[in-house]
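The following paragraphs examine a helix, a ligand shell and a single side chain in turn. Please consult the sequence and the structure while reading.

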Amino acid sequence: MANTVLVTGGAGYIGSHACVELLQAGYKVVVVDNLVNSKTESLKRVQKITGKALTFYEIDVRDKEGLADIFAKESISTVIHFAGLKAVGESCEQPLNYYHNNVYGTLVLIEVMCDANVRQLVFSSSATVYGESVHAQYSEDFPLGAINPYGRSKAMIEDILRDLSAADKLTQSNNPWKIALLRYFNPIGAHESGMIGEDPNGIPNNLMPYVSQVAIGKLAQLSVFGNDYPTRDGTGIRDYIHVVDLVKGHIKAIATLEGEKFQSGGCHAYNLGAGRGYSVLEIIETFEKVTDKKINYKFSPRRAGDLAECFANPELALKQLNWKVEKSLDDMIADAWRWQLKNPQGYS
Ligand SMILES: NC(=O)c1ccc[n+]([C@@H]2O[C@H](COP(=O)([O-])OP(=O)(O)OC[C@H]3O[C@@H](n4cnc5c(N)ncnc54)[C@H](O)[C@@H]3O)[C@@H](O)[C@H]2O)c1
């Protein structure tokens with residue numbers, strides 16, 4: 001019988017793409033989502049793309065009883081934990097909401113997993129857990145030092161999960177935790193079908209959906225924050241990764257958790273990034289080339305807390321997960337644009 005994966009936050013942007021890959025890889029998929037930032041339409045489309053069914057429960061991961069019922073009903077072998085709030089700016093305005101949702105939500109989930117004796121977990125962490133570094137290319141052993149409540153909620157969860165795994169050695173658990181902390185860089189793009197993609201509520205916080213909405217005429221102008229950074233063209237440089245490459249990293253992570261490296265348990269962090277950076281101006285130029293659309297933009301002052309340059313060292317993921325990105329920036333943009341054109345109002 002196929003292994004069953006519980007996907008928390010599975011109706012969201014990355015979660016819905018993960019459901020497609022999991023179903024196509026032969027897993028049974030159970031989704032838990034409270035729809036605070038998503039719609040069930042994404043899951044309908046996942047099933048249309050794959051021709052396979054999944055099971056959906058509309059609950060909050062903080063609902064301990066509801067979650068325990070699901071673990072009692074479904075024979076879950078692994079959890080991929082995407083559910084969380086993710087807007088940096090909003091997290092500064094509503095820190096308690098972010099800590100309650102992200103940190104407490106994870107605590108409830110792992111308590112329920114302990115009770116159900118399910119101890120295999122892939123966690124959505126983020127490059128925002130890293131502190132500022134003199135090197136622009138970030139490796140997993142770089143010092144952590146998140147600078148906003150969102151990033152700190154991810155760093156706290158990583159600490160909790162590392163502590164949980166360390167406790168196994170002290171208690172000589174015969175069913176130790178197997179945990180992969182996946183630190184995402186900047187996921188963009190969409191499934192090549194154009195049927196699922198990123199559907200931000202209101203004004204997008206991230207560059208790619210913002211650029212797409214300017215291109216389609218929904219937003220008037222893009223602000224490029226800072227053109228005086230010490231980078232090749234003065235604008236900020238980030239590592240962009242196609243969302244489909246990113247979710248394939250999760251499938252590889254599950255296989256690794258089930259393999260030799262994790263035989264006696266463990267909790268390890270992996271960067272999921274392309275290993276190279278693009279500047280904001282390079283993104284705009286490539287977008288214009290791929291889509292044949294002009295992007296109206298202006299330069300604005302730097303934003304507090306933004307780094308000049310940040311990209312992943314993805315070598316550990318290659319070595320231990322046997323994963324690397326396959327898609328190019330042109331693919332990311334072409335796919336994001338196809339999604340935008342086919343769904344100008346997102347899933348609405
Ligand atoms: N998108 C990015 O740029 C990015 C980068 C790094 C890390 N991440 C992390 O990856 C994960 C998925 O991100 P995404 O871009 O798909 O975001 P998303 O908002 O599209 O998806 C998150 C999903 O979780 C659900 N959710 C939130 N709180 C919940 C709760 N308490 N109970 C049940 N469901 C809940 C939302 O309804 C949504 O469907 C998040 O944890 C995010 O922090 C995202």
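Tyr13, Ile14, Gly15, Ser16, His17, Ala18, Cys19, Val20, Glu21, Leu22 and Leu23 are the buried residues of helix H1, where buried means that 20 or more other C-beta atoms, placed from the backbone, lie within 10 Å of the residue's own. Helices (H or I, at least four residues) and strands (E, at least two) are DSSP runs, numbered from the N terminus. The model is predicted: local features need pLDDT of at least 70, side-chain atom pairs count only at pLDDT 80 or more, and totals for chains, interfaces and linings use all residues. Residues are numbered from 1 along each chain as its sequence is written.

Thus 11 of the 12 residues of H1 are buried. They pack against strands S1 (4-8), S2 (28-32), S4 (76-81) and S8 (186-188), and against helices H2 (41-50) and H8 (243-257); contact requires C-beta atoms, placed from the backbone, within 7 Å. Just after H1, glycine 26 adopts a positive phi of about 95°.

Around the ligand lie 30 residues, the closest being Gly9, Gly12, Ile14, Ser38 and Gly84; a residue counts as near if its C-beta atom, placed from the backbone, lies within 6 Å. H1, helix H5 (95-116), strand S5 (120-126) and S8 each give two or more residues to this shell, and H1 provides the largest share, 3 residues.

Elsewhere, methionine 208 belongs to helix H7 (residues 207-215). Methionine 208 is buried because 23 other C-beta atoms lie within 10 Å. Not counting residues up to four places away in sequence, methionine 208 touches Ile188 and Ala336.

Notes: Two residues are in contact if their C-beta atoms, placed from the backbone, lie within 7 Å.
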